[in-house]
Amino acid sequence: MADLTRRATNRMRALSSTSHTSHMARRVPGGGAFYSCLVAFELIGGIEKRAIVLVPYDDAWPQAFERERRRIAAALGEMAIRIDHIGSDWERRHLLFRDWLRHDTRDREAYAELKQSLAQRDWQDMNAYASAKGPLIEQITARAEKWAAQGAWRELEES
């Protein structure tokens with residue numbers, strides 16, 4: 001199953017920049033086994049002009065998420081393995097990136113500064129804004145991967 005998931009993920013990453021993927025891992029009802037589901041979708045319409053709006057951190061967000069997490073957990077019961085909010089597709093890399101930013105002040109501040117700077121521009125395409133963050137995200141992710149390899153971070157294990 002893990003090999004199939006890995007191959008499907010690689011295939012979906014090969015799709016065009018207007019394609020997006022989402023990965024879900026779920027517990028099989030009545031058992032301890034897991035199954036993975038990868039979902040791909042295409043943006044309809046191509047280029048997407050939207051305002052980039054960054055808002056300051058709100059101390060109420062964690063409590064709001066916790067309320068929603070409890071509702072989701074109650075609805076899914078044992079099928080819910082892990083419930084995270086990351087503002088993006090659920091994937092190991094995104095979770096690692098999020099957790100590393102929570103851990104490392106320097107990278108967290110560098111990423112925030114880049115986003116603030118990029119948000120000042122008039123982007124004709126949201127994908128261009130996302131791509132502009134790419135080089136820094138790659139650098140930060142490399143440090144996060146090293147951190148994870150040292151055993152400081154534990155990902156959700158697949159069976």
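Where does Val55 lie? Val55 sits in the loop between strand E2 (34-42) and helix H2 (61-76); helices (H or I, at least four residues) and strands (E, at least two) are DSSP runs, numbered from the N terminus. The model is predicted: local features need pLDDT of at least 70, side-chain atom pairs count only at pLDDT 80 or more, and totals for chains, interfaces and linings use all residues. Residues are numbered from 1 along each chain as its sequence is written, and side-chain values use heavy atoms, with hydrogens and water left out.

Val55 counts as exposed, because its relative accessibility is 52% (exposed, over 50% relative accessible area; buried, under 20%; partly exposed, in between; 1.4 Å probe, protein chains only). Together with Val53, Tyr57 and Trp61, Val55 makes a nonpolar surface patch of about 460 Å² (residues with over 30% relative accessible area and no salt bridge, nonpolar side chains joined within 5 Å).

The structure holds four aromatic pairs (ring centres within 6.5 Å; planes over 60 degrees apart count as edge-to-face). Phe97 and Tyr111 form one of them, edge-to-face, at 5.2 Å centre to centre and 85° between the planes. This pair links distant parts of the chain: Phe97 is in helix H3 (residues 92-103) and Tyr111 in helix H4 (residues 105-119), 14 residues apart. Both Phe97 and Tyr111 are buried. Trp123 and Tyr129 also pair edge-to-face, at 6.0 Å and 70°. Trp123 and Tyr129 are buried.

Asp125 lies in the loop between H4 and helix H5 (126-149). Asp125 is buried, because its relative accessible area is 15%. A polar atom of its side chain lies 3.0 Å from the backbone nitrogen of Asn127.

How values were computed:
Phe/Tyr/Trp six-rings, centres within 6.5 Å; stacked < 30°, edge-to-face > 60°. Patch = residues over 30% accessible without salt bridge, like charges linked within 9 Å, V, L, I, M, F, W, Y side chains within 5 Å. Areas by Shrake-Rupley, 256 points an atom, 1.4 Å probe, with all protein chains shown as cover. Salt bridge = Lys/Arg side-chain N within 4 Å of Asp/Glu carboxyl O. Polar contact = N/O pair within 3.5 Å; in protein donor to acceptor, adjacent residues only side chain to side chain.
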